[in-house]
Amino acid sequence: MQPLGLSDRTSRRSFMKAISTGVIGLCTAGKGAAARSQPDTVLRKGTTQATPIFQNSGRESGQTALIIGGVHGNERAGYLAAEQLARWTPPRGKTVVVPRANAVAVANETREANGDLNRQFPVGKRPTTPLARALWRLIERTQPDVLLDLHESTGRYIDGKLGQSIAYPPFDGVRSGVNQVVSRLNRSIDRAENRFHARELPRPGTDPSGVLVKRAAFEGRVPAYLIETYTELELSERVRYHKTLTKGVIQNLSSRDEHHSGSPSTNGWSPYDTRRTSELFDQLP
Ligand SMILES: [Zn+2]
């Protein structure tokens, strides 16, 4: 069994399938697209939760990054950064961006709408709502080489909350790359208390459960990262942090072979069988 998105993958086939099923539009594929704001397609189209998906392809082929903002509707820097990243063309590879995953929550400026979206992805079980299932299907079809989920917190990591941190998956070759990206950003942050900390994603079975990046990493075997900024800092700075870390992780991935061949470490936990997920999703409408 190959970890999803890590090696010898069927991404081309899946990508073509996604296009044929309308999940991802073809508007910009292979063009080295210029900045634009028209979505390629819409998630949950025709429902009150409808939200656009953007895609940009670099001039050279390469890895696929999936960027998600607005899982929590009151975490502004996350979805504003994702909206700007939706207009960014990576030098190589492609991005698929869902800036406002929970569009209703973003419109209402509330953390939740129809429940907390970031508690609806239990590891080993079916995502618990139609929106969560639609997002997971997008992940399955995109087969990203990296997934970034952009959030905010009301406190700093050094004070026991999650602000100013990036959580990375415990896969081989990931830690040193993320540390490089973080130290580069930290050199631009004067106040020591506002500098970023890299932490390992908590394993399945730890609270909270149902977190998107945990399911992506531990069940989907996607290198998934959770970026959190501290809401008391300037909004423009928080947006910059999200963008810099996201681009840094993507570019670091492009330049490092370890990420392509790395397999999840198995120290102390049993990997889940990704076939279960595929079977579950084959049954969805
Ligand atoms: Zn959040």
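Colleague: How do you know which parts should not be read in detail?

Modeller: The model is predicted, and the chain averages a pLDDT of 82, with 76% of the residues scoring at least 70. Over residues 1-35 the pLDDT stays under 50, and it stays under 50 over residues 257-285 as well. Where pLDDT is low, the predicted coordinates should not be read in detail. The model has 61 contacts beyond four places in sequence for residues 1-35 and 40 for residues 257-285.

Colleague: Why is proline 122 called partly exposed?

Modeller: Proline 122 has 17 C-beta neighbours inside 10 Å. A buried residue needs 20 or more and an exposed one has 12 or fewer, so a value in between is called partly exposed; proline 122 is therefore placed in that class.

Colleague: Where does proline 122 lie, and what does it touch?

Modeller: Proline 122 lies in the loop between α3 (103-108) and α4. Not counting residues up to four places away in sequence, proline 122 touches Thr128, Ser209 and Gly210. Its C-alpha atom is separated by 8.5 Å from that of lysine 214, 92 residues apart along the chain.

Colleague: What makes helix α2 mostly covered?

Modeller: Seven of the 10 residues of α2 (residues 76-85) are buried, namely Ala77, Gly78, Tyr79, Leu80, Ala81, Ala82 and Leu85. These buried residues pack against β3 (60-68), β4 (92-98), α3, β5 (146-153), β8 (224-230) and α7.

Colleague: Which members of the largest nonpolar core touch the most other members?

Modeller: The core has 64 residues, and those with the most contacts to other members are Ala82, Leu147, Leu148, Ile166, Val213, Tyr225 and Val249. Helix α4 (residues 130-142) gives the most to this core, with seven residues. Leaving aside neighbours within four places in sequence, tyrosine 225 is in contact with Leu147, Leu148, Ile166, Ala167, Tyr168, Val213 and Val249.

Colleague: How is the packing of α5 and α7 described?

Modeller: Two packed helices are described by the angle between their axes and the distance between the axes. The axes of α5 (residues 174-186) and α7 (residues 235-255) come within 9 Å and cross at roughly 145°, and the crossing is right-handed. Gly177, Val178, Gln180, Val181, Arg184 and Leu185 in α5 meet Tyr241, Thr244, Leu245, Gly248, Val249 and Asn252 in α7. By class, this contact has six nonpolar, five polar and one charged residues.

Terms used: Residues are numbered from 1 along each chain as its sequence is written. This is a predicted model: local features need pLDDT of at least 70, side-chain atom pairs count only at pLDDT 80 or more; totals for chains, interfaces and linings use all residues. Axes are lines fitted to C-alpha atoms, for helices over the stretch in contact, and angles run from 0 to 180 degrees between N-to-C directions. Helices (H or I, at least four residues) and strands (E, at least two) are DSSP runs, numbered from the N terminus. A crossing is left-handed if the near helix is turned anticlockwise from the far one by less than a right angle, and right-handed if clockwise. Two residues are in contact if their C-beta atoms, placed from the backbone, lie within 7 Å. Ala, Val, Leu, Ile, Met, Phe, Trp, Tyr, Cys and Pro count as nonpolar, Asp, Glu, Lys and Arg as charged, and the others, Gly among them, as polar. A nonpolar core is a set of buried Ala, Val, Leu, Ile, Met, Phe, Trp, Tyr and Cys residues joined through C-beta atoms within 7 Å. pLDDT is the predictor's confidence in each residue, from 0 to 100.
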